[in-house]
Amino acid sequence: MEFFKEQFQKKRLDSAWVEKTGLANGLSSEEIQKLLSRLVSEEKSLPTPYPGVARTGLYRCWKEEFGIHLEARVRPLLLKLVANYLDQGVAIWPFPKSDLGFYEAVRSLAEESFVPLGLLSDRVCRELLKLRPEIVLEKCLARLVEGPEWFEQYLLEVALTYPGWGGMVRQVEIKPTSLKNRRKIRLVEFLALELILEVGALSRELKGRFKPLKAKPGDTPYFSKKQLITESDRNLRVLLEAYEWSIYEPFLGAVSENSRKPEVRTIGGHRFQAIFCIDDREGSLRRYLETIDPTIETFGAPGFFGLDFAYQAAESTTPVQHCPIMLKPRHLVRAKSKIKNGSSLPQLSSLGHHSHTLFRGVLYTLFFGIKAGFELLLSTLRPTLGHSSATSFTWHLPDEELNIFRPEGSEIRLDGLYEGYTREELVQRVKNLLRSIGMTKDFSPIVIVVGHGSSSTNNPHFAAYDCGACSGRPGAPNARAFAMVANLPEIREGLSLVGISIPESTVFVGAIHDTTRDEILFFDEEKLPPSVRGFYEEFKRTSSQALKLNAQERCRKFEILEGPLTPEKAIREVRKRSAALFEPRPELNHATNMAALVGRRMLSRGIFMDRRVFLNSYNPFND
């Protein structure tokens, strides 16, 4: 309620919409007036958070009724087993028989170990481990909980007791390729082992004399409860809907007004075109580019740019997915270093258990220990030089080449990936993207393809700051690959056969926009022909000015900042914050997103959307 009061006072919550949504939700005129009076009241209302099921359900009764804290007895052993089994080369000793499934490996460990393994050494646990996980769940639940109608709730409470672990196990189960060293583990095995250890702990503590938990009189299982809507719930629902429509109405009104305007054609055509990701953070930069230079035309497309590949950097041992998470990549694009005599230092990712021997362990400890100490000192004095604040530009090295085409006679790899693409596959992907965004004719002399990434030093949410269309990774490889492919004569020849004729004079240039630092890195500049050099340098100057204005707009939302700032001071401020230890949120990412607009640019061009809208270009007349 306090939030809505604040928004009402700031004129962001419209009283007219409170009345409309109130009537739609069955409130009387008197109830609506009371609700409006509460919005202007100075009386503070206390928050009433909903208690989590894991903290208020059956599981807590072990401590309340029997005085046993099961988490403290089960968690240390369970999580050690899971973490060591899923280890990717960090642990000193590998998990025995890790080639087996998790449950079988734990069973083997319990049967063959010569040293005590805590609860797993007890006869009760060993007997249960002989059964299949599905049978274990039935037997243990019947021993722990009275009434099968409560089994599902108890399992949920158990899973929520270990935040993140159940989700990680499930992800490895459905997508084993997410780990470099493959592991076979299922969520049912994780839960079965948890219940085995619970039964073992209770048997040890209570000598087997414990009864299944019984629900209190009047309680009903969580999954069968009918959610009762209180007056407070109803009021909050009304205010939330009213708040949303208070935002949507002016936005939709601006889009509607734009749609009635005649489409403005630039005399002589567009001199520059740029394809950005649909990301809401790119909307403001596109607006400034088009405002500074009306001859610039921008488009929005998912940031993998239709290239659904797994990418392997030159110094990486494992390919990573660079397309939306719901797609399964079938193609591998490798980056190959042009430098033949590269560094001879061992990669940390490939050291594995070789560093666990006496001689190598001492050698690696000395070398990497001194190196890490020096880097720590340097990163403390100059955070921008440290690995922790590495920008998204580090995903591109100037001496790398991309192997995009499939080698002659190559077959599918063991991991189900093809090496590169065939010519026909690339023509199809470039055609699909250009046609969907409406970019099929009137090409400018230079087309910039802009992926995006982010930078941060002390941000707990950093994993969500890069490109979602690239599975949460910077879109540099995709933007560069698309530009390289679109420049190839054989690809353009194939495109001309399907009605997309790109002039020989048009050049595509890949780039990446660091959304935290408001900085753009352009790829393969040295390959640009002299005919577009002038256009390229002019676009760089325009983009530099647009980035400063974009930074100025972003600085409005920093909590601790004296303003207003000039564009020059704003760009220095955002770059300083991207490497500052004191700044956990150097940008807001999608925290303020409110809508997605799919359509031609004429619908949104010139509208101030406060970096809150996804902009996906789409021309229905080309579909």
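The protein contains 21 helices and 12 strands. The model is a predicted one. Of its 623 residues, 45% are buried. Among contacts with a separation of 6 or more, 71% are between residues 24 or more positions apart. The accessible surface of the protein is about 33300 Å², and carbon and sulfur atoms hold 58% of that area.

### Helices H3 and H13

Two packed helices are described by the angle between their axes and the distance between the axes. For helix H3 (residues 29-40) and helix H13 (residues 231-260), the axes come within 12 Å and the crossing angle is roughly 75°. H3 is therefore roughly perpendicular to H13, because angles of 65 to 115 degrees count as such. On the H3 side the contact is made by Glu 31, Leu 35, Arg 38 and Leu 39, and on the H13 side by Arg 234, Asn 235, Val 238 and Leu 239. By class, the residues of this contact are 4 nonpolar, 1 polar and 3 charged.

### Strands S11 and S12

S11 and S12 run parallel and are joined by 5 bridges. Within this pair, Gly 599 stands opposite Ser 617 of S12. In a regular strand the side chains alternate between the two faces of the sheet. In S11, Ala 595, Leu 597 and Gly 599 form the covered face, while Ala 596 and Val 598 form the uncovered one.

The loop between strand S11 (595-599) and strand S12 (613-617) contains Arg 611. Arg 611 is not a glycine, yet its phi is positive, near 60°. A second case is Lys 11, with a positive phi of about 65° although it is not a glycine either. Lys 11 lies in the loop between helix H1 (2-9) and helix H2 (15-24).

Are these two residues buried or exposed? The table gives the relative accessible area of each.

| Residue | Relative accessible area | Class |
|---|---|---|
| Lys 11 | 75% | exposed |
| Arg 611 | 14% | buried |

Lys 11 is classed as exposed because its relative accessible area is 75%, and the cut-off for that class is over 50%. Arg 611 is classed as buried because its value is 14%, where buried means under 20%. Both residues are in loops: Lys 11 between two helices, and Arg 611 between two strands, S11 and S12, which run parallel.

How values were computed: Residues numbered from 1 in each chain as written. Predicted model: local features only at pLDDT ≥ 70, side-chain atom pairs only at ≥ 80, totals over all residues. Heavy atoms only, no water. Helix = DSSP H or I, 4+ residues; strand = E, 2+ residues; numbered from the N terminus. Buried < 20%, exposed > 50% of the residue type's maximum accessible area, 1.4 Å probe, protein only. Contact = heavy atoms within 4.5 Å. Areas by Shrake-Rupley, 256 points an atom, 1.4 Å probe, with all protein chains shown as cover. Pairing = 2+ DSSP bridges. Axes fitted to C-alpha atoms, helices over the stretch in contact; angles between N-to-C directions. Parallel < 35°, antiparallel > 145°, perpendicular 65-115°, else oblique. Nonpolar A, V, L, I, M, F, W, Y, C, P; charged D, E, K, R; others polar.
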